Amino acid sequence: MKNARMIVDRDFRVGQIDKRIYGSFLEHLGRAIYTGIYEPGHPLADEQGFRTDVLDLVREIGVPIVRWPGGNFVSGYNWQDGIGPKESRPRRLDMAWFSTETNEVGIHEFCDWAKKANSSVMMAINLGTRGVDEARNVVEYCNHKGGSYWSDLRRKNGAEHPFDVKLWCLGNEMDGPWQIGHKTAQEYARVAHEAGKVMKWIDPTIELVACGSSNLNMPTFGDWERTVLEEAYDTVDYLSLHQYYGNPDDDTPHFLARSAHMDDFIRTVISICDAVQGKKHSKKKINLSFDEWNVWFHSNGHDQKYYDSRVWHEAPPLLEDDYTFEDALLVGSMLITMLRHADRVKVACMAQLVNVIAPIMTKAGGGAWRQTIFYPYMHASRYGRGTALLPVLDAPTYETKDLGAVPCVDAIAVENEDGGVTVFAVNKDLTEDVCLTMDLRAFPGLRVAEHIQLHHDDVKARNTLEHPNEVAPTAGPGGKIEDGRLQVRLGNLSWNVIRLEKAE
Ligand code: AHR
């Protein structure tokens, strides 16, 4: 067995965790909306056509904010298509995903769904085919009380009170040539600044997210961030990051080391934000919105055949990654990585929530189940509220092809609002358990309330409708705090949640 040590102390405070770090994302893509959250005629649909079994699972995770309606989809979306009587809404060809959009779910329906899910909405505006005019109109429609054209139209359409959407994305991945209305950094910077300016003139209480790069490997990475911030620094509040990882070469140690890559990405973007702040002599800090992150690669081959065929189906099964146990480990490590930067990462969205690269899967007309990645996400959202404490961690390392030596344990501690402490830890070692010794002398009077672990002997194990509990959490060995120290055995390849509570 290997050994690792960590010190948990209030003096190593990273920052208050913004609950929006546990956000998610629902795009009009594949079966996320249609037959995902919305399926009128399903035996468990409510009076609005929302699947109550899916709502139950979303509430089980605890998703404080949901990004909508895209994603790539938003860059060709006319939000007016989704308001007014459903029977007169247009069917449109969606060029982002070569699908047909029926517009049965629009702003009203989605905001109603979010309320039922105990979530708030992070709305994205179209800066691909549209611009400043639509930006101001949609904020007026959603947030203005009444007495103006757009706000009165909302009231006429059945919503007397404003939807009060507080967080807005200024477009999506505008640096990517795949985007409808792709822009250069300078083109995007100008329109983001001008759109953001009028949006805040309509409602000064909103916050804005500017597009950063679509991933760390974009050729324009770095220059893009700098150009956008130099233009729009005073208008925007957050800069976005997106990153997906895959394991196409079936190299588990390499795959699980991607959290170190994510850490590098976050550090680099923080440096760029702060460099622009310095250049501008500004007192304002730009924080990060990691509004797309996950594992995504299983479905790529299947989906390419669909795009190539140009059949424009309604709600085709796209991006339906079947997640394995090892995917759940990386998801756990990615959550830990973002929590380690809780002082700057204020918003994050697991992409996505239902059916599309998602923790929740559904069968049209049938059941819903939890994928492997459901569990670390749910645990972090439930128990990771409070103040992030950077553990001073001394763990064995392993060599990677591209990142040098990386630790075989990822961990973070959270001082919870009720005075307890929760430690999240991933042991990435393929074969060996790790004995983690935690120095908790700064927190006298705690006892172990629970040790939850997620492990499977087969890294490729998955959950399915027929076998929904193949990969599921179990009780770990836990331990006893003695002389302010706790030793916990982290099984080989395991996600661990160690919950410490105040002893009576
Ligand atoms: O989440 C799936 C897609 O990934 C989003 O539409 C896009 O923003 C990203 O490329």
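Student: Is Cys142 buried or exposed?
Tutor: Cys142 is buried, with a relative accessible area of 0%. Buried means under 20% relative accessible area, with a 1.4 Å probe and protein chains only. This is a predicted model: local features need pLDDT of at least 70, side-chain atom pairs count only at pLDDT 80 or more, and totals for chains, interfaces and linings use all residues. Residues are numbered from 1 along each chain as its sequence is written, and side-chain values use heavy atoms, without hydrogens and water.

Student: How many disulfides does the search find?
Tutor: Zero, across the whole structure. A disulfide here is a pair of cysteine sulfur atoms within 2.5 Å. For Cys142, the nearest cysteine sulfur belongs to Cys111, 5.9 Å away.

Student: New topic. What does Trp168 touch?
Tutor: Leaving aside neighbours within four places in sequence, its contacts (heavy atoms within 4.5 Å) include Cys142, Met123 and Leu208.

Student: Which residues touch the most other members of the largest nonpolar core?
Tutor: Trp113, Trp168 and Tyr188, out of 173 residues. Such a core is a set of buried Ala, Val, Leu, Ile, Met, Phe, Trp, Tyr and Cys residues joined through side-chain atoms within 4.5 Å.

Student: Which helix gives the most to this core?
Tutor: α10, residues 325–339, with 10 residues. Helices are DSSP runs (H or I, at least four residues), numbered from the N terminus.

Methods: Buried < 20%, exposed > 50% of the residue type's maximum accessible area, 1.4 Å probe, protein only. Helix = DSSP H or I, 4+ residues; strand = E, 2+ residues; numbered from the N terminus.
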